[in-house]
Amino acid sequence: MPFPPIFCLSAIFLALVGGPSCSERYEREYKVVRITTWDEPPNTPEGRILGAIQREFDRTHPHIKVQRRPIGGRRTDDRLAFTTAMAGDNAPDCYHNAHFPTIPLWIDQGFCYPLDEYIREDPQFEDVVEAAFAPATKDGHIYGVPSQLYVLALVYRKDLFEEAGLDPKRPPKDWWEFAEYARRLTDPEKYRYGFAILGQEWASWHWEIYVWQAGGEVTERLPDGRCRIRFTEEPAVRALQYYKDLRWKYKCIQPNPLQSYQDNRRDFVQGRAAMIISSPAWIGDFLNEGLRPEQIGIAPLPAGPTGIRATQIGGEFYIINPRSPKEKRDAAWEYIRFMTSKEAMIKRLKMMEEAHLRYPIATFYRDLRVEDYLTMPEEWGEASATSLKYGRMEYYLKDRIEPYLARPIQAVLVDPGADPREELEKCARRVLEEVVEPFNREIERKLAGRCPRGSS
Amino acid sequence: MSKRKLVGLAFVAPALLVFVLFKYVPMLQVFRMSLYDWSILNPPGEFVGLKHFKEAFSSSLFWIAWKNNLVLFLLGLVLGFWVPLVQAIMLGEMRRGQYIFRVCYLLPLMVPPMVTLVVWKWIYNPEYGLLNAILTRLGLPPQDWLGNPKLAKLSLVLPGLLGGGMGVMVYLAAIQGVPQELFEAAEIDGAGPLQKLRYILLPRIRFVILIQFILALSAGFQMFDRVFVLTGGGPVDATRVIALLIYRYAFESYRMGYASAIALVLFVVILTVTALQMRLSKLSD
């Protein structure tokens with residue numbers, strides 16, 4: 001034998017013990033900080049672009065080692081995974097998927113480190129649309145930086161429009177035109193319906209848009225933080241009546257009005273649904289599932305009876321783990337700053353163009369136009385930009401009121417005899433007694449200084 | 001303590017330890033959490049005493065969920081509880097081919113329950129589901145199985161009515177444990193099949209039926225997966241159940257304390273009904 005066994009064993013032992021120790025000494029000497037994130041990109045065309053930007057960060061920031069892990073699971077599972085990780089003190093230093101409606105809850109739970117010290121001195125965020133920070137702002141402190149933004153618009157099948165004798169370049173402009181189009185697009189013999197309505201548990205996610213378009217509000221946040229119910233007013237009744245009409249008068253929605261949003265999307269891809277409320281930023285999913293760009297039309301949501309063209313804005317935030325030590329928080333901030341910079345956004349758009357991923361994503365920089373970088377149907381960019389102009393945040397106390405609001409919405413979709421006003425009033429009585437009044441009492445107690453901070 | 005007892009304890013101790021750690025400790029923790037406005041990051045948070053229980057008892061969603069759970073349990077009991085027993089009795093009577101049927105009854109256990117539920121979701125599809133296709137062939141109108149509040153509960157219970165599974169095996173083992181001499185003696189005395197069933201078989205396996213009932217009760221009140229996959233609690237709260245309420249409050253609203261309070265109430269109810277059932281069973285002995 002060339003080497004005695006004892007020599008080989010000693011060499012292996014030294015490599016195992018000495019190797020890591022050497023790299024640890026290097027990192028200490030050169031002050032390399034390790035942070036963990038959960039944004040390992042998936043193996044999709046969009047994921048590969050994200051990976052390229054991350055590698056650019058790694059190259060330009062050798063003093064920060066980012067350990068990336070995948071989140072995995074369905075969309076709601078990642079919130080659960082993060083909550084569990086926070087409870088077990090095993091959460092990443094930097095997390096990119098704090099959803100708009102969820103982040104206020106996470107701020108209350110203490111999951112997010114306040115970023116004022118970083119943002120205040122940073123000119124990078126002077127150009128950002130201010131409303132983008134609103135959901136992550138509490139008591140004047142900012143707790144997150146937007147990582148993704150979406151705005152809801154009308155997405156429709158141009159090929160199905162043509163089949164039904166409708167002009168695909170002329171999407172519906174208002175509620176009545178929309179209902180008429182949906183009726184004409186419905187063909188039971190072909191298992192096809194005009195519009196995939198959202199009737200499942202989160203039905204109010206889309207229904208709130210109709211309430212805004214009718215000139216009303218679902219709830220109102222009073223200046224002192226208390227909540228006022230507004231969904232018994234005339235605009236909300238009108239919006240619910242419209243839902244009822246789509247189902248029973250125009251007969252243009254799916255046979256199972258309560259099917260999930262995933263089922264709605266599936267129907268749209270498979271040509272069973274001609275129109276759906278979705279985001280231009282999610283067109284990539286439709287393209288990945290086999291649709292061609294020329295089959296998809298995007299338009300701002302039709303205006304309501306008042307002429308208002310409201311829609312909903314949402315997205316996710318980057319947050320920093322408050323339990324991470326200072327040097328990791330600083331490193332995490334550098335990472336966030338890089339990943340959300342205008343330069344990174346432009347690089348992403350250019351790579352999307354090269355990869356033929358030509359669909360409009362919403363950006364939160366005022367002067368950054370997606371259509372300057374992506375070759376896509378003109379109306380896509382216009383529709384996305386127009387929708388952004390009319391975008392609004394979700395209604396106040398949504399997380400607590402949503403399970404109650406599902407009932408009246410589902411009632412009018414499953415029962416032709418359900419009266420929208422009566423259903424909303426019944427719902428309002430329960431919401432007032434069980435959610436709003438206790439919530440408002442808590443607020444009043446906090447204002448009076450009798451309740452400690454942090455209780456929900 | 002004798003050496004024999006010590007040895008016995010040593011063998012039982014690891015399993016007991018795991019049981020205590022993963023069953024009883026979490027139960028005690030849930031009790032503790034229910035008394036606080038639980039903070040995930042900095043437990044325990046603010047002490048609120050019985051506030052969560054008061055809130056739960058005055059919540060309409062809470063009572064709707066209880067009512068739904070009760071109806072679902074009773075539907076399952078009336079329509080499906082007896083099916084595995086009948087299957088086991090028939091299996092017991094078989095002279096040949098019993099093995100094949102036992103395999104057939106056990107094979108579905110290899111399929112993850114979630115997969116089964118997703119298949120049922122397709123079966124229930126109002127446009128192209130199998131169930132409506134059969135109804136149409138029979139000249140009957142198609143139904144909105146998951147979207148009709150009057151049918152949604154039945155739709156949740158239906159997947160469990162086909163029997164099979166471990167219940168059949170448990171009953172079969174109990175039936176095969178009944179001495180054959182009793183049946184032969186009864187036959188000599190002129191007893192018919194129904195009399196043998198009523199006076200010999202059922203009394204002999206009564207304890208197994210009681211255990212299966214308790215398991216069914218527990219499963220009925222803890223029903224979650226079917227609701228989560230098939231209906232999400234709708235339509236119009238027709239299938240909103242306690243377990244779903246707990247899930248939503250805990251993991252979507254982050255109200256761990258409130259969710260724990262509801263979970264504790266569920267535990268107490270199941271425990272009480274189980275204790276009553278066992279007591280009634282002892283009294284009738």
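Trainee: What separates A:Lys326 and A:Asp330 in helix H12 (residues 326–339) of chain A?

Mentor: About one helical turn, because A:Lys326 and A:Asp330 are four residues apart in that helix. An α-helix has 3.6 residues a turn, so residues three or four places apart point the same way. Please keep in mind that this is a predicted model.

Trainee: Why is the pair A:Lys326 and A:Asp330 called a salt bridge?

Mentor: The cut-off is a side-chain nitrogen of Lys or Arg within 4 Å of a carboxyl oxygen of Asp or Glu. The closest N and O atoms of A:Lys326 and A:Asp330 are 2.9 Å apart, so the pair meets the rule.

Trainee: How do you know which class A:Arg230 and A:Glu233 belong to, buried or partly exposed?

Mentor: By the same cut-offs. A:Arg230 has a relative accessible area of 16%, so this residue is buried, whereas A:Glu233, at 27%, is partly exposed. The two form a salt bridge, their closest N and O atoms being 2.9 Å apart.

Trainee: What makes A:Lys398 and A:Glu402 a salt bridge?

Mentor: Their closest N and O atoms are 3.2 Å apart, and the rule asks for a distance within 4 Å, so the pair counts. A:Lys398 and A:Glu402 are four residues apart in helix H15 of chain A, so about one helical turn separates them. Both A:Lys398 and A:Glu402 are buried.

Trainee: Which residues do shared partners join into one salt-bridge network?

Mentor: A:Glu201, A:Arg407, A:Arg430, B:Asp237, B:Arg240, B:Arg248 and B:Glu252. One of the salt bridges between the chains is that of B:Asp237 with A:Arg407, whose closest N and O atoms are 3.1 Å apart. With the cut-off at 4 Å, this pair therefore qualifies.

Trainee: Which elements give two or more residues to the side of chain A that touches chain B?

Mentor: They are H3 (75–87), H4 (103–109), H10 (261–269), H15 (398–414) and H16 (420–447), helices of chain A. H15(A) gives the largest share, seven residues. By type, the residues on this side of chain A are 17 nonpolar, nine polar and 15 charged.

Trainee: How many residues are in contact between chain A and chain B, and how much area do the chains bury?

Mentor: Chain A has 41 residues in contact with 34 of chain B. The chains bury about 3100 Å² between them, with 51% of it on carbon and sulfur atoms. A:Gln109, A:Glu201 and A:Arg407 supply 17% of the area that chain A buries against chain B, more than any other three residues.

Trainee: What makes both faces of S12(A) count as covered?

Mentor: A:Ile296 and A:Ile298 on one side, and A:Gly297 and A:Ala299 on the other, are all buried.

Trainee: Which residue caps the N-terminal end of H8(B)?

Mentor: B:Asn148 does, with a side-chain oxygen 2.9 Å from the backbone nitrogen of B:Lys150. The buried residues of this helix (149–157) include B:Leu151 and B:Leu156, and H3 and helix H13 (225–231) of chain B are among the elements that cover them.

Methods: Residues numbered from 1 in each chain as written. Chains lettered and ligands numbered in written order. Predicted model: local features only at pLDDT ≥ 70, side-chain atom pairs only at ≥ 80, totals over all residues. Heavy atoms only, no water. Contact = heavy atoms within 4.5 Å. Buried area = accessible area lost by both parts, 1.4 Å probe. Nonpolar A, V, L, I, M, F, W, Y, C, P; charged D, E, K, R; others polar. Buried < 20%, exposed > 50% of the residue type's maximum accessible area, 1.4 Å probe, protein only. Polar contact = N/O pair within 3.5 Å; in protein donor to acceptor, adjacent residues only side chain to side chain.
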